[in-house]
Number of protein chains: 2
Amino acid sequence: MPAILENWGLYTDFYELFMAQGYYFCGKKDDTATFYYFFRTNPYKGGFTVFAGLQDFLEFLNNFTFSNSDIQYLKKQGFKNEFLDYLKNFHFSGNIMSMQEGEIAFANEPVLQVEGTIIECQLIESLLLNILNFESLVATKAFRIKLVAGDRMFTDFGLRRAQGLGALHASRATIIGGASSTSNVLAGKLFDIPVSGTQAHSWIQSFDNELEAFRVYARAHPENAILLVDTYDTLKMGVPNAIKVAKEMESRNEKLKAIRLDSGDLAYLSKRARKMLDTAGLEYVKIIASNQLNEHVIKSLLKDQNAAIDAFGIGTELVTGKSDAALDGVYKLAEVNGQPKMKKSENIEKVTLPCKKQVYRCFDEEGFFYRDTIALANEKENELGLIFHPVYPNRFTYVKNCSKQPLLQLVVKNGKAITAQKTPAEIHQFLLSRSALLPDEHKRFISPHIYKVGISEKLMKARNELVKKLE
Amino acid sequence: MPAILENWGLYTDFYELFMAQGYYFCGKKDDTATFYYFFRTNPYKGGFTVFAGLQDFLEFLNNFTFSNSDIQYLKKQGFKNEFLDYLKNFHFSGNIMSMQEGEIAFANEPVLQVEGTIIECQLIESLLLNILNFESLVATKAFRIKLVAGDRMFTDFGLRRAQGLGALHASRATIIGGASSTSNVLAGKLFDIPVSGTQAHSWIQSFDNELEAFRVYARAHPENAILLVDTYDTLKMGVPNAIKVAKEMESRNEKLKAIRLDSGDLAYLSKRARKMLDTAGLEYVKIIASNQLNEHVIKSLLKDQNAAIDAFGIGTELVTGKSDAALDGVYKLAEVNGQPKMKKSENIEKVTLPCKKQVYRCFDEEGFFYRDTIALANEKENELGLIFHPVYPNRFTYVKNCSKQPLLQLVVKNGKAITAQKTPAEIHQFLLSRSALLPDEHKRFISPHIYKVGISEKLMKARNELVKKLE
């Protein structure tokens, strides 16, 4: 997505700037640092997360600069001239290693790693978290829906319920996760994704009667006629009127594409409507359903109730990631000037991993994802054997004979993005190829099998030494 | 907020444009319409909603226009030249009546009403819903926190967990609801709201030890020194080191402002830290708490556990409106060319109210909010007597002798906003003045007393007549 504003430097938490100025004046201006991004839990109590937002983040990062008026604003906030001169010329100049967008990632493993001066690493934290957390949240939601919808298409209808301008990132992420199109026209233009839509109840109501509203619509859009049938009475009026119009279209050698149900019991109404359409010889007319859908409702409709639904329009829960609303991704310091750093914590889950790292995906003999290993960046792949639970070191497992794949790749070198741009639909294809390798047990919604992520023996030793030193 | 993009015309659902073109060519180009905005339920299972987002919506509305490249994009989507010529010159030219921003509103009553050509009313729907739904959601969340935090200040720390660029609207709405400042610097600049922040764990970790990190920070920011004490061990290390630094500051005639707790049991740690600070003669040093807070946790900390916390930093749930993630606001047709319109529905709660309307707030003899009455726009205030439950007409009540106040006021006249701009902090003051009139029973979190909203006898009759006609 184009970055909209020319300068996004202020899209940061105040304390990032406050600390940056502190580093600047206390002799740490040129200190180097490594930070890493990870999330602590998979959203929706699920077994995986779809990593998304990388390309958007890199575009914003390229515009993470300060305009003259930004500098004036910061001057009023009390920042010092010498530091403001530094910001005037600020551009991120470090390196970023990252998983590919669309990768299936798991809790507690590094998804992305940033190296640069401590000031630049710090300043970009909020932007990075803001975009990656949200797009990953929505892409994961969309893919969960894709898992139950199968070949049935679904469209993002969420603009009206999205969280303000978050709608833009959301629409992109729904396509990465598997939506076929969006109703959000601006997102369509900015991200080059298909847009679609039908008609609202207001269209029907604005005519003297429903039949006339259907007729005018079908005349105006014969190639894409979808009729909303629940404005007055779905089965007594909406569907019969739609059938009438479909027959009239047939006499003009046109075909009604679909009807849409937007209220009532979607299982019952869809089955009744299907029968009415079929009886009228309109087997080709599809049924689209909308109204407060999510992966669980769709699963129930399709698997438990045999609903006669061919496609879905999904709004609120898709674009806001409800029931979760946020992914708990964090960005933590791992090294300063080559020295390992970590955070102890009152909460044991909040202890971080020191040092530069690499993540290896280990495959089982059939080629499925088996374990992920977090190793020191300079460890050799073929030396990885024992791996340990990151929190409970008395739990361990072996990955010695697995084939392995490093997941973190260089995507920004000396401040320049070096990856090829992909469309959201291409990223979805990559996701599909990865999902095919993830055993089904990790995909189920209820108590998914937990995918094992361990740390290498060397990383555990490095952490233990640091813990001792800190004590 | 400045509208960032110059042209927001594409920030709409595809079907709005599709229908607009339909109206344009089927002879309804100059038809006039009235739509109204309302939400069906108060968020968070609460008893009220804080209406917010109006000023932002009006600013975006002013830029709801189409650039040449937007027109080109729509041409590629198959829209017709004559309609595109119409869009080239599009600017909303109708009237909008609205509640004031910061008003306390209730489910099922018109919060805002739009009059114009049916095309312009339709095109702006998605933008209106997107902004008003989200800011109202977050302002309500923030005000619920304000209700339990009382005089203790709280700050929006949510940028990193906000839903992408939704962070901007969110920060504004938190101030309307009662936050004292935000960490989001860009929101601070755009909306002229106070920004604040302290330090991250990475600051502490980047030094050889915590004490040195505290010392450098206190030297750099003596006027605003807040020390984060939980990086290694809150009570054994963080607080003792903060006390040391506070004493050193005293010797320089400076004062440590606060310590911040960001993990562990906030009730326990705050009380222990308070005792340690007091024993050291540092009664003036405040304690700030953060870490996954919401109104329920804060209530428990303050009312049940006597936590020694003076201020809060709140992120995820504040800016995403978790646990709800979206307000279910809708925008429905009420009239076309002066003819009343309504939607029947399979779901009785989805039936809409026809005709142009006004909402009267009725006060009890002590001046508190008592009932709201939805009346026809042309009804006389002093003729309002019996009012009926909108869904169950056998439930009714009287408002005859109440003093009444019309809540919908003209805010846009012939496309021009005519209201004075207010800062978010000023809007919060208005909210406080209204909240003072709302009985406490409607403010409680668990099973709040339901505030009664009824429809006037004339409106009920108009609806009944229309129902008959539709049958």
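Helices (H or I, at least four residues) and strands (E, at least two) are DSSP runs, numbered from the N terminus. The views below show a predicted model, in which local features need pLDDT of at least 70, side-chain atom pairs count only at pLDDT 80 or more, and totals for chains, interfaces and linings use all residues. Residues are numbered from 1 along each chain as its sequence is written, chains are lettered from A and ligands numbered from 1 in the order in which they are written, and side-chain values use heavy atoms, with hydrogens and water left out.

View 1. For residues 10–133 of chain A, an unreviewed UniProt entry gives the annotation "domain: Nicotinate phosphoribosyltransferase N-terminal". This stretch is 43% helix and 18% strand, and its end C-alpha atoms lie 19 Å apart. UniProt (unreviewed entry) also lists "domain: Nicotinate phosphoribosyltransferase C-terminal" for residues 356–461 of chain A. Here the chain is 16% helix and 35% strand, with 14 Å between the end C-alpha atoms. UniProt positions are given in the numbering used here, feature names are shortened, and annotations may be inferred rather than shown by experiment.

**View 2. The antiparallel sheet of chain A.** Seen here is an open sheet of 7 strands with antiparallel pairing, in the order E13-E12-E1-E5-E3-E19-E20. Strand E13 (339–340) and strand E20 (416–417) of chain A form its edges, and each pairs on one side only. Two strands are taken to pair if DSSP finds at least two bridges between them. In chain A, strand E1 (residues 32–39) and strand E12 (residues 329–336) are joined in the antiparallel sense by 7 bridges. A:Tyr37 is found opposite A:Tyr331 of E12(A).

**View 3. The parallel sheet of chain B.** Strand E6 (residues 153–156) of chain B runs parallel to E7(B), and 2 bridges join them. The bridge partner of B:Thr155 in E7(B) is B:Ser181.

**View 4. The interface of chain B and chain A.** Contact (heavy atoms within 4.5 Å) links 106 residues of chain B with 105 residues of chain A. The buried area between the two chains is about 8,700 Å², and carbon and sulfur atoms give 59% of it. Buried area is the accessible area (1.4 Å probe) that two parts lose on being put together, summed over both. In chain B, B:Arg160, B:Gln163 and B:Leu165 lose the most area to chain A, together 10% of what that side buries.

**View 5. Salt bridges across the interface.** A salt bridge is a side-chain nitrogen of Lys or Arg within 4 Å of a carboxyl oxygen of Asp or Glu. The rule finds 8 salt bridges between chain B and chain A. A:Arg160 forms a salt bridge with B:Glu125, with the closest N and O atoms 3.1 Å apart. Helix H1 (residues 14–25) of chain B supplies 9 residues, the largest share of the side of chain B that touches chain A.

**View 6. Backbone details in loops.** A cis peptide bond, with omega about 10°, joins A:Lys322 and A:Ser323. A:Ser323 is placed in the loop between helix H14 (316–320) and E12 of chain A. In chain B, the peptide bond from B:Lys322 to B:Ser323 is cis, with omega near 15°. B:Ser323 lies in the loop between helix H14 (316–320) and strand E12 (329–336) of chain B. A:Asp192, a residue other than glycine, has a positive phi near 55°; A:Asp192 belongs to the loop between helix H8 (185–191) and helix H9 (201–205) of chain A.
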